[in-house]
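Subject: Structure for you to look at

Hello,

Here is the structure for you to look through. My notes on it follow below.

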Amino acid sequence: MTEFRVWAPKPELVRLDVDGRVHPMTRSDDGWWHGCVDTAPDARYGYLLDDDTTALPDPRSPRQPDGVHERSQLWDPARAEWTDSGWTGRSVQGAVIYELHVGTFTAAGTFDAAIERLDYLVDLGIDFVELMPVNSFAGTHGWGYDGVLWYSVHEPYGGPDGLVRFVDACHARGLGVLIDAVFNHLGPSGNYLPRFGPYLSSGSNPWGEGINIADADSDEVRRYIIGCALRWMRDFHADGLRLDAVHALVDTTAIHILEEMAGETDWLSERLGRPLSLVAESDLNDPRLITTRDRGGYGITAQWSDDIHHAIHTAVSGERQGYYADFGSLATLAQTLRHGYFHAATYSSFRHRRHGRPLDTTTVPATRLLAYTCTHDQVGNRGLGDRPSQNLTGGQLAVKAALVLGSPYTAMLFMGEEWGASTPFQFFSSHPEPELAEATRTGRRAEFAEHGWDAEDIPDPQDPQTFQRSKLNWDEVDSGEHARLHRVYRDLIALRHNDPDLTDPWLDHLVVDYDEDEHWIVLRRGRLRIACNLSAQPVAVPVTGEVVLAWGEPAVDADRTVLEGHSFAVISTAEQP
């Protein structure tokens, strides 16, 4: 017998449809409905609400083989075939993370195809693979942030069995796995949760209606969210989650849902006997996220720091539009590298108000912040989805890599950046509803037209070619300048892993020198100096010693090193900071 349970306090009647046969269910006082039926292990099932004649998928659906509008299918995680019993896990702090989108990482766009590239990631020196959302969403392809059935795995990628094979293969190679989880909104197609209960709040965010985590009857919604988070780590052996846009989780309760989630994640970690990590995306610059709970924080393991990205990108590229307006100088870059946030209770011209709060660098290690040269957001949310490699020289890309990988922060790469991939990463979708497809298309063009882009230049998200253009071209890795950049990334990562001076996590030990006019900057890490020339002309930096790694041909003499334009050098000195 299989027990079926669903939380559905809204309807007056709930019936269970299993393989086309309807069965009664019994309601408890807490709004949960129960029923036991003798079924096959792969039976399809759904719920009939009130006088409905079409069964809706289970809000906690384990599998959606026919898409998010159809009935669910049973899938028992206990039957999954694992070989990772010897995997003891690893901490995300100080690691090198590789963010990838399953659908565009390979030509086939599946978990099994991605497995074939894992040895490449190991050779590169990657510690963790971070998967963009793999929960079920409408259509065949998309970014995944329009998920509506958070417990199930997107079937075109390979479904739950494919994810099991992928995580198992990662662990066999010593790679940890993070899964991007979106708990701040639901997608517009296939969202039947409001039919079951009060899943939505009275508020909204830029991506849709907000989730009810603090209004009346929110306790079960919170359990739904936290239960999903734990499922990825328990049933699919993920080593942690990347939590999307947590600033959109409006929680006015005394115990924030992130604090609650972090506590239960730590409990599961102890039970499983391996580290589990939560990495938050937040634009609040609020240290409470990554401050331990015994110090009054939420206890999240780490968070993305867009300020570090903005400071590096603007200093190297010269871009200043939009939220880049306050960045660009080397003084700003140095301050951000030394303090983790640039906006720390300081005025933000983009927001027209004060923003952020200072990070206590004596108690919060730098490894609780992620540094990166680009992400799916910073590429895909540009009008054309163009990568830095489509606008910058190889030397500029190498300088950005040296600043990130030579920093004390946890580092993250976005797929293909390590060889300067020429393919864009554009915004793509495959909404099956014509009206939603048109709304997505016109909305995207209108958004960028407001920022001065020609609407006709904005790729159509619904055009299958937009998706196809965004797939990586793996033939580039071993060719010309692509291969040269790839070697530098691999060598920087190896140096980061193997040199003890680059493992110090404390920002108080980081010294940054720079010359605004000459446009050079030097990070002092123990005996090592990461010297970067951000200008197109050669410059002399007051550092001398043995060149450990470089882009270009640095010339070292008794008291200085001359760097070529758009280049860097890692120099080992006899002196200590």
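Which residues of α12 are buried? They are Leu436, Ala437, Thr440, Arg441, Arg444 and Phe448. Buried means under 20% relative accessible area, exposed means over 50%, and partly exposed is in between, with a 1.4 Å probe and protein chains only. In general, an α-helix has 3.6 residues a turn, so residues three or four places apart point the same way.

This is a predicted model, in which local features need pLDDT of at least 70 and side-chain atom pairs count only at pLDDT 80 or more, while totals for chains, interfaces and linings use all residues. Residues are numbered from 1 along each chain as its sequence is written, and side-chain values use heavy atoms, with hydrogens and water left out.

More on α12. On its other side, Pro434 and Glu435 are exposed. The buried residues of α12 pack against α10 (376-380); contact means heavy atoms within 4.5 Å. Helix α12 (residues 434-449) has 16 residues, and from first C-alpha to last it reaches 22 Å, close to the 22 Å expected at 1.5 Å a residue. The expected span is 1.5 Å times one less than the number of residues. Helices (H or I, at least four residues) and strands (E, at least two) are DSSP runs, numbered from the N terminus.

Next, the cavities. There are two of 30 Å³ or more. A cavity is a set of points, on a 1 Å grid over the protein atoms alone, where a 1.4 Å probe fits but cannot get out; a pocket is an open set with protein on both sides within 12 Å along at least five of seven lines; lining residues have an atom within 4 Å of a point. Grid points are joined across faces, edges and corners, and a volume is the space filled by probe spheres set on the points.

The largest cavity has a volume of about 80 Å³. Its lining includes Thr373, Cys374, Arg387 and Tyr489, and divides into five nonpolar, three polar and three charged residues. Here Ala, Val, Leu, Ile, Met, Phe, Trp, Tyr, Cys and Pro count as nonpolar, Asp, Glu, Lys and Arg as charged, and the others, Gly among them, as polar. The second largest cavity holds about 40 Å³. Arg444, one of the buried residues of α12, is among the residues that line this second cavity.

The second largest pocket has a volume of about 550 Å³. It is lined by 24 residues, of which Glu3, Tyr45, Asp58, Arg60 and Pro62 lie nearest its centre. β1 (2-7), β6 (44-49) and α6 (219-234) each supply at least two residues of that lining.

Last, three histidines in loops. Most residues other than glycine have a negative phi. His352, between β18 (346-348) and β19 (353-355), has a positive phi near 60°. At 61% relative accessibility, His352 counts as exposed. His519, between β22 (511-515) and β23 (520-525), has a positive phi of about 70°, but His519 is buried, with a relative accessible area of 19%. His256 lies between β15 (240-243) and α7 (257-272) and counts as buried at 12%. Beyond its neighbours within four places in sequence, His256 is in contact with Arg222, Leu249, Asp251 and Tyr298.

Regards
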